[in-house]
Each structure stands twice: as structure tokens, then as C-alpha cells.
Amino acid sequence: MRIALISDIHGNLPALEAVLAQLGEEEIDRYICLGDVAVGPWPSETVKRLRRLGCTSIVGNWDAWMLDGVPPCSDGPVGKMLLEMDNFWADQLDAEDLAFMREALPQLELEVDGGNLIFFHGSPRSYNEPILAATATEELEHMLRNLDAPIMVMGHTHVQMVRRLPFTLMVNPGSVGLPFLEWPVAAARVCRWAEYGILDYDGDDRVDVELRRAPYDAEAFIQYALASGVPHAAWWTDSWEPA
């Protein structure tokens, strides 16, 4: 099975379209989105694009906060700005958008050629817990002790990763809409490309993982965000790396 992996779109419709244009040239059996879909400049349009695609979606932390409550980061000044932006974009979602987002799964288990593939947003314990290249193996063994799968796929960190453990292969396709230079970060720096992955799995005999980048017009995206009326747009777009 050849699976397209997309994650952390964050309402960046041009980046998503660039990724889907490249994937349209591939033989893809299934599309899986690992969460954080709508919180960004094209919230409703991005949700509708995923609906047309027939994509299976996992719930991300910002998806949950957008639907059901205030994010835990909302106490400090940065958190309050993010909350105001989130509320602005959430108001643009219609009933069908919200219904689609509520159908997102907390976790997906997919049996392929005798192997059980598992997909989640952050970690099996929480959509807000990152798994990093530097996360201690002992911590991962504890975190994943109730799961048995040769491959586990996650998002959340906005950083591409393939990490082999004795008991599983971990894959993060990065972020379509907001790929970061690194994680953890004191202040996020956003790269001017879109990231995604392709997982080609034929059981234990063959596993291919491709981590890809797709170019798009990031400057046009920034100008759109600045003109959109969203609060704190200048502060937010200042996170993008220079052209």
C-alpha cells in the first residue's frame, strides 16, 4: 500500500495544493492527514479540500482546541495572541466544516499485508505531546508499551523525522503549512516550502519512506494573511524565514 502522509496544514491552502499537485503524479492508495487542519488563513477552504480528497483525518491539538475549548497555552501574551487568531479563523468554519473535523479519529490502526500501522498526531498519550529525534528511547518504550506495530506515524512537531527503534520505525512527514527549522524552539522559524511524506509498505519485506518538499508562493501567502484581518498578523508572519 502506498500512503500519502500530510500533517499540520494550518489553513495554508496554497501549500496544500502544491503538495496535492505533486501527489497527483503518484500512484497513491490512501491519503492520511495527521491533524491540525484549519487553524490558519484559509480554514474553511482547507477543510473542504480535504473532504473532496476523501482523506482520513486524525485529530490534532489545534483541531481539538478550535472545536472544544481554550488551549492550555492561552495564559501568557503569546498564548493570548494565538487564541485570538484561533477564534478569528474558527468563526469562518461552517456547519459542514465542523462536522467533518469532529469525525477525525484520535488514532488510526491500519492493517496492511499482515502488519499493523498506527497513526496519531502527537503521541499515543496525548495529541499535545511531541515525539522527537532526541526523545530518550526509555521514554519511548514507556510511551508506546501498549502498542505493537512495525511502523508508527505522527505529526505535531512540524519537523520531518525517520527514527528506527528496536521495536518500530517512527515517521513524521513534517508540516504542510508551517514547517519549522527545528523543535523544540524558543521562537518558531517557518520554512518557505511545504512538507509531506509517502509511505510504501509491503509487509516486513519492504518499507519505503520518502520525505518530500513542495515549493509554493510563500510570499503571496504572507501578503494574504496580512490583508485578511486576522489579529496579530504582522507578528505571526514575521516568523517566516527570509526569502
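These legends accompany a set of close-up views of the predicted model. Residues are numbered from 1 along each chain as its sequence is written, and side-chain values use heavy atoms, without hydrogens or water. Because this is a predicted model, local features need pLDDT of at least 70 and side-chain atom pairs count only at pLDDT 80 or more, while totals for chains, interfaces and linings use all residues.

View 1. Strands, like helices, are DSSP runs numbered from the N terminus (strands: E, at least two residues; helices: H or I, at least four). Two strands pair if DSSP finds at least two bridges between them. Look for Leu5, whose bridge partner in E9 is Gly197.

**View 2. Strand E5 and its two partners.** Strand E5 (residues 115-119) is largely enclosed by the rest of the structure, because 4 of its 5 residues are buried; buried means under 20% relative accessible area, with exposed over 50% and partly exposed in between (1.4 Å probe, protein chains only). With strand E4 (residues 108-112), E5 pairs in the antiparallel sense over 5 bridges, and Leu117 of E5 is the bridge partner of Leu110. The hairpin of E4 and E5 has 2 residues between the strands, and Asp113 takes a positive phi near 50 degrees there. E5 also pairs with strand E6 (residues 151-153), in the parallel sense and over 3 bridges; Phe119 has Val153 of E6 as its bridge partner. Between E5 and E6 the chain passes through helix H6 (residues 137-143), making a right-handed β-α-β crossover. Right-handed means that, with the strands pointing away from the viewer, the path from the first strand over the helix to the second runs clockwise.

**View 3. Two nonpolar cores.** A nonpolar core is a set of buried Ala, Val, Leu, Ile, Met, Phe, Trp, Tyr and Cys residues joined through side-chain atoms within 4.5 Å. In the largest one, of 47 residues, Ile6, Leu23 and Leu50 touch the most other members. H1 supplies the largest share of this core, 7 residues. Setting aside neighbours within four places in sequence, Leu23 is in contact (heavy atoms within 4.5 Å) with Ala4, Ile6, Ile28, Tyr31, Tyr196 and Ile198. A second, separate core has 16 residues, including Leu34, Phe119, Ile151 and Leu199.

**View 4. Two aspartates with positive phi.** Asp8 sits in the loop between strand E1 (2-6) and helix H1 (13-23). Its phi is near 50 degrees, a positive value in a residue other than glycine, and Asp8 is buried at a relative accessible area of 0%. Asp36 belongs to the loop between strand E2 (30-33) and helix H2 (43-53). For Asp36, phi is positive and near 60 degrees, and with a relative accessible area of 1% this residue is buried.

View 5. The structure holds 0 disulfides, a disulfide being a pair of cysteine sulfur atoms within 2.5 Å. Cys33 is in no disulfide, and its nearest cysteine sulfur, that of Cys55, is 5.2 Å away. Cys33 counts as buried because its relative accessibility is 0%. Cys55 is buried too, with a relative accessible area of 7%.
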